[in-house]
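Let me put the structure up, and then I'll talk about a sheet and some salt bridges.

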Amino acid sequence: MVAVYVRRPTVLGVIAVLCGGVGAARFLQLLASRVPTSEIVAIVNVGDDVEMHGLTICPDIDTIIYTLSGLHNDELGWGLRGETWRTMDALAELGGDTWFRLGDLDLATHLYRTARLRRGDTKTDITADLARQRGLDLRILPVTNDPLATMIDSDVGRLSFQEYFVRERHSVAARAVTYDGHAAATPEVREALESAERIIIAPSNPILSIAPLLAVDGVRDALERRRDVVSAISPLIGGRAVKGPADHLMSELGYRPDALGVAQYYASFCSQLVIDRADENLADEVRDVCGSVAICGTLMSEPQQAAELLAAMGL
Ligand code: GDP
Ligand code: CA
């Protein structure tokens with residue numbers, strides 16, 4: 001008789017993922033293809049959050065919810081699929097500010113969130129409801145409910161995050177980046193960081209997505225205490241960001257704009273960095289800095305590389 005081996009799903013326990021927007025959303029989508037979503041907790045940056053036309057907008061949270069629910073607008077790289085722009089067109093006719101584009105469908109999210117914030121509900125609760133309403137069962141936690149604002153000192157003066165990123169299209173040189181506010185991690189985030197089996201830093205922008213999370217009281221300490229279970233994926237491949245300003249921003253601020261620079265930036269709280277095969281020449285130095293290095297294809301839009309990335313992380 002031939003023995004039949006049934007492969008049991010490995011019980012991995014809860015995985016907490018530190019997240020920015022697009023890079024993190026792609027990684028969460030990949031992770032969700034392998035791990036039950038009930039075992040994933042996304043801890044999300046709110047340093048990009050902005051008030052526009054009286055509405056509170058949380059771009060990284062919305063990118064994650066829209067991507068995981070299959071509603072993300074891939075052509076634009078943000079917002080909702082099948083979007084229309086009648087409100088923005090009408091606003092332009094009135095002479096209103098339209099450099100930060102908000103689609104007609106997307107506006108519903110911001111109206112809903114803002115109305116509930118005004119009633120005294122927290123971003124934590126509102127985000128949980130928005131995710132549930134989109135059919136998601138993984139937990140998406142804003143890192144804090146306190147104000148937090150990523151600010152960029154640039155060649156053209158001090159800019160808010162969205163002025164830098166959207167209005168100036170991140171083309172001006174940065175001199176310093178600060179994370180303003182006295183923000184504390186929510187109890188849900190503290191609990192997740194304490195109890196997670198593993199903590200993964202998504203391939204997000206180190207300066208604009210991960211550093212604002214670290215600036216929140218309680219986050220860096222928790223990561224340092226749990227360094228052994230913290231791993232990260234380099235968002236830089238061959239010294240270039242897949243998308244966005246991470247490469248030139250790191251170099252403008254005096255960091256090496258490559259996987260080794262990411263390793264140095266994360267080393268105090270991260271014991272393993274996953275780097276792309278294109279960066280194999282940096283592997284020994286990355287290992288010296290972090291303790292452990294994994295090398296594989298890391299371009300998540302390539303199915304073969306996406307599978308390799310999960311395997312390299314033991315997932
Ligand atoms: P944002 O908040 O929307 O700017 O998004 P994130 O900070 O989460 O992600 C931006 C970073 O994701 C950029 O630095 C990209 O280089 C990185 N990124 C996007 N897609 C990939 C990918 O497939 N592989 C890797 N390694 N990095 C990626
Ligand atoms: Ca962002």
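So, 3 strands make an open sheet in the order 7-6-8, with antiparallel pairing. Strands are DSSP E runs of at least two residues and helices are H or I runs of at least four, numbered from the N terminus; two strands pair if DSSP finds at least two bridges between them. At the edges sit strand 7 (157–160) and strand 8 (174–180), each pairing on one side only.

Quick housekeeping: this is a predicted model, where local features need pLDDT of at least 70 and side-chain atom pairs count only at pLDDT 80 or more, while totals for chains, interfaces and linings use all residues. Residues are numbered from 1 along each chain as its sequence is written, chains are lettered from A and ligands numbered from 1 in the order written, and side-chain values use heavy atoms, leaving out hydrogens and water.

Back to the sheet: strand 6 (residues 149–154) pairs with strand 8 over 6 bridges, antiparallel, and Ile152 stands opposite Val177 in strand 8.

Now, salt bridges, meaning a Lys or Arg side-chain nitrogen within 4 Å of an Asp or Glu carboxyl oxygen. The structure holds 16. One of them joins Arg175 and Asp155, at 3.3 Å, N to O. Arg175 is in strand 8 and Asp155 in the loop between strand 6 and strand 7, so this pair ties together parts 20 residues apart in sequence.

Another links Arg240 and Asp247 at 3.6 Å, N to O. Is Asp247 buried or exposed? Buried, at 13% relative accessible area, where buried means under 20%, exposed over 50% and partly exposed in between, with a 1.4 Å probe and protein chains only. Arg240 is exposed at 56%.
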